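Hi everyone, thanks for making time. I'd like to talk through some charge pairing today, so let me put the structure up.

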Amino acid sequence: MSRTLTTLTAARFRDLADTLTRNAALLSAAGLPEIVTAVRATVYGDVAAQLRLLAEAEPAMAEGNPLVLVREDGPVVARRFEMLAGLLAANARVLTRGTRDVVMHRRAGVYRDVAAQVRLLAEVEREAALAARPHTSRPPLSNTAPDSPIVAKAAVRVPRVRPEFLDALVAAIARRRAQGWSVARLTLWLRTTLRDPQTEQVHPCAERSFVSYVATLLTGSARLRVA
């Protein structure tokens with residue numbers, strides 16, 4: 001009896017490959033200096049190609065092996081993403097071993113950046129799998145209208161961020177927390193939307209520690225209201 005050999009992991013790998021390919025194309029067409037975009041676009045393309053090869057190999061790993069499930073759950077996908085992140089981080093170490101070449105170090109930096117994104121995807125997969133399991137109801141994680149004291153406390157962590165920007169950002173985080181977004185998913189979203197293509201630096205408000213801090217403030221505020 002035939003069965004579909006396209007696994008969930010393979011589908012996730014293909015989705016990520018498509019995303020990296022689109023990002024590489026956008027960078028190349030952005031009109032920015034080549035020194036800013038070339039290395040990142042090249043690494044995105046290389047990782048996308050690796051992901052497509054991994055996606056093709058996944059069904060072969062499952063075929064004929066009774067210990068490998070074709071239908072995988074979130075934790076299994078998360079472990080495969082974590083393994084991929086480890087491989088990308090290892091690539092970065094190999095590229096910079098015994099060399100001070102600037103281009104090689106830039107390439108390694110992009111590999112480390114992609115590895116960090118993949119680890120966040122792994123956490124999102126794991127948390128989505130946990131959320132899909134039957135569970136008892138619980139109070140909302142936050143109120144959708146953040147208090148100014150929360151913005152004030154958050155501002156202490158990022159003193160160089162404009163208050164009007166931070167107020168809107170905290171409100172956006174609060175709305176998504178009320179919808180059940182995890183810290184990992186929020187961090188992934190902010191790392192994608194707040195990146196500066198000119199400097200390739202992650203915005204301080206997209207750091208996981210900051211997102212976790214704001215989420216804790218929002219949750220504490222909601223609990224105080226319930227009390």
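How many salt bridges does a search of the whole structure find? The search turns up seven. Please keep in mind that this is a predicted model. I'll walk you through a few of them.

Let's begin with arginine 107, which sits in helix H4, residues 102–132. Its side chain forms a salt bridge with that of aspartate 46, at 3.3 Å from N to O. Aspartate 46 belongs to helix H2, residues 34–62, so this pair ties together parts that are 61 residues apart in sequence. Is arginine 107 buried or exposed? With a relative accessible area of 19%, arginine 107 is buried, because the cut-off for buried is under 20%. Aspartate 46, at 29%, is partly exposed. Beyond its neighbours within four places in sequence, arginine 107 also has contacts with others, including Val39, Thr42, Val43 and Leu95.

Next, arginine 126 and glutamate 82: their side chains meet in a salt bridge at 2.5 Å, N to O. Here arginine 126 in helix H4 is linked to glutamate 82 in helix H3, residues 74–96, and the two are 44 residues apart. Arginine 126 is partly exposed at 30% relative accessible area, and glutamate 82 is partly exposed at 35%.

One more for you: which residue forms a salt bridge with glutamate 123? That would be arginine 208, with the closest N and O atoms 2.7 Å apart. Glutamate 123 is in helix H4 and arginine 208 in helix H8, residues 208–226, a separation of 85 residues. Glutamate 123 is partly exposed, at 22%, as is arginine 208, at 33%.

Thanks, and I'm happy to take questions.

Conventions
Residues numbered from 1 in each chain as written. Predicted model: local features only at pLDDT ≥ 70, side-chain atom pairs only at ≥ 80, totals over all residues. Heavy atoms only, no water. Helix = DSSP H or I, 4+ residues; strand = E, 2+ residues; numbered from the N terminus. Buried < 20%, exposed > 50% of the residue type's maximum accessible area, 1.4 Å probe, protein only. Contact = heavy atoms within 4.5 Å. Salt bridge = Lys/Arg side-chain N within 4 Å of Asp/Glu carboxyl O.
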